[in-house]
Amino acid sequence: MSSKKIYHKGIWMVGLIIIGLTNSCKKMVEVKPVGSIPTSVAYSTEANIAASVNGIYYTLQQQGTIYNSSYNSIFPLLSDEASIGNTSTVQYLQFGNSNITSDNYLISGFWSNCYATIYQANLLLENVSGNTGINATNKNQWLGEARFLRAYSYFILTQYFGKVPLATTSDYKTNNSLARSDTATINKFIISELEAAATLLPDGYSAYNNNRTRACKQTAQALLAREYLYRGDWAKAEANATLLINNSTFSLPGDLNNALVSNSVESIWEIAFSQKNQNYTAYNLVPFGPYAPPVVPSTKLVNAFETGDKRKDVYLEPIPADPSFYIMYKWHDQTNLADQPKILRLSEMYLIRAEARLNQNNLSGAAQDINTIRNRAGLANTTATTQANLMSAVMQERFVELCFEGDRWLDLIRTGQANIVLSAFKGSSWKSSDQLLPIPATEIGNNPNLGPQNPGY
């Protein structure tokens, strides 16, 4: 067992509560243009445009409940990778019991977070696309970043809510009366945006001082690989994943700890925090002294690591006072709160390619990709040889490798395993209609065109 320091929670929990209460009051597609800088000024110079792009990233990571609080800590409770620890917070318990009400501030923050990001991207695209007075390279980069961030926001929105409004304008009056578009339309839009972004964005991270928290061509390619996998376009999923695997910019560090550090050579895209003490995810995952934190890795996840799997020692940590409980150690820096969420990693590309190859009957190629991930973790090659067994091996590696990174819930839904797996894990609290989150009640109240609530809510 590696030596790790478990930090203690303190007054920052108050900040988390305040953030949650503040975000519960936010509205969504009704994102009105606010601020002291007129649009004519905000996009009048390259410096101002660059600042506006930074503002889109800031909104994604800080203005709601996604990456500074709940996405990597509370949302795992939807699946079988996490369990309730030491908390009586109603909103958390709802996630754990799959009984989420439409006034849950976490889903309201998630929804508003995404659409605020989309709104800012729309505004930038409208005001920069026709600007012929700026450097062409910079312009392409900014447009590419806006299109990527807009596509990513729609990707996670439709995964959790299904049909959502497709807002492509900054006219908030238009946006606030939009009906929900079907998922096929949303997914087609996501693909077209990512393909366009891949042609506009810079090749590699040199434009960002080698910081992997900004979108480049490879970031768009990686998200395309994931989107094509989810859509069952196996050939394109394999092709895009291969682009990342063959790119010397990325590698799998032999020391798994180096996969978790900021700007890891394995990272394709991370979320940065613009100020110290902004990432509150750790407060949901690190214990109060000897007590379990609000969210803990499930016993199922803990037991899913095979004997000799190095990832168990790196990703998990037993609580000293009660070794039967573990904490998720991917989020541990409670001194600086500087852990940067890993949204896209090279390890996922190998597993995407393995799954895509399996669905094209390339069993040997799939096994090679599975073994790359297993061998890095100190495990022997897979013994699976049939397509069914190899698919189980892929899902096993996704379960343990990508735990608490936002993948498990989506994997269960997209592969049709949610009912079987979660009815066994959650018992009678699970209903088949729980596969979509409820639309926030305030949004349906503000916009009747959103239609009825998702089934089950």
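What follows is a set of questions and answers about a predicted model. Residues are numbered from 1 along each chain as its sequence is written, and because this is a predicted model, local features need pLDDT of at least 70, side-chain atom pairs count only at pLDDT 80 or more, and totals for chains, interfaces and linings use all residues. Side-chain values use heavy atoms, with hydrogens and water left out.

User: How many helices and strands are there in the protein?

Analyst: Helices (H or I, at least four residues) and strands (E, at least two) are DSSP runs, numbered from the N terminus. Going by that, the protein has 21 helices and six strands.

User: What share of the protein's residues count as buried?

Analyst: Buried means under 20% relative accessible area, exposed means over 50%, and partly exposed is in between (1.4 Å probe, protein chains only). Of the 457 residues, the buried share is 58%.

User: Among contacts with a separation of 6 or more, what percentage comes from residues 24 or more positions apart?

Analyst: A contact here means heavy atoms within 4.5 Å. For residues 24 or more positions apart, the share of the contacts with a separation of 6 or more is 72%.

User: Are the rings of phenylalanine 75 and phenylalanine 95 stacked, tilted or edge-to-face?

Analyst: Rings of Phe, Tyr and Trp (its six-membered ring) pair if their centres lie within 6.5 Å; planes under 30 degrees apart count as stacked, over 60 as edge-to-face and the rest as tilted. A search of the whole structure turns up 18 aromatic pairs. In this one the centres are 5.1 Å apart and the planes are at 45 degrees, so the pair is tilted.

User: Which parts of the chain does that pair link?

Analyst: The two phenylalanines are 20 residues apart, and the pair links distant parts of the chain. Phenylalanine 75 is buried at 2% relative accessible area, and phenylalanine 95 is buried too, at 0%.

User: Which residue has its charged end over the ring of phenylalanine 399?

Analyst: A charge sits over a ring if NZ of Lys or CZ of Arg is within 6 Å of the ring centre and within 35 degrees of the ring normal. Elsewhere, lysine 330 lies over the face of tyrosine 315, at 4.4 Å from the ring centre. Over phenylalanine 399, at 4.0 Å from the ring's centre, it's arginine 408.

User: Are helix 7 and helix 9 roughly parallel or roughly antiparallel?

Analyst: Axes are lines fitted to C-alpha atoms, for helices over the stretch in contact, and angles run from 0 to 180 degrees between N-to-C directions. Under 35 degrees counts as roughly parallel, over 145 as roughly antiparallel, 65 to 115 as roughly perpendicular and the rest as oblique. The axes of helix 7 and helix 9 (residues 183-200) come within 8 Å and cross at roughly 155 degrees. The two are therefore roughly antiparallel.

User: What about helix 3 and helix 6: how are they arranged?

Analyst: Helix 3 (residues 46-62) packs against helix 6 at about 165 degrees, with the axes 8 Å apart. Residues that meet here include Gly55 in helix 3 and Ala121 in helix 6. That arrangement is roughly antiparallel.

User: Which loop holds asparagine 210?

Analyst: Most residues other than glycine have a negative phi. Asparagine 210 has a positive phi of about 60 degrees although it isn't a glycine, and it is exposed at 55% relative accessible area. Its place is the loop between helix 9 and helix 10.

User: How far is proline 440 from serine 102 in space?

Analyst: Proline 440 lies in the loop between helix 20 (418-426) and helix 21 (441-446), and it is buried at 0% relative accessible area. Proline 440 and serine 102 are 338 residues apart in sequence, yet C-alpha to C-alpha the distance is 4.8 Å.
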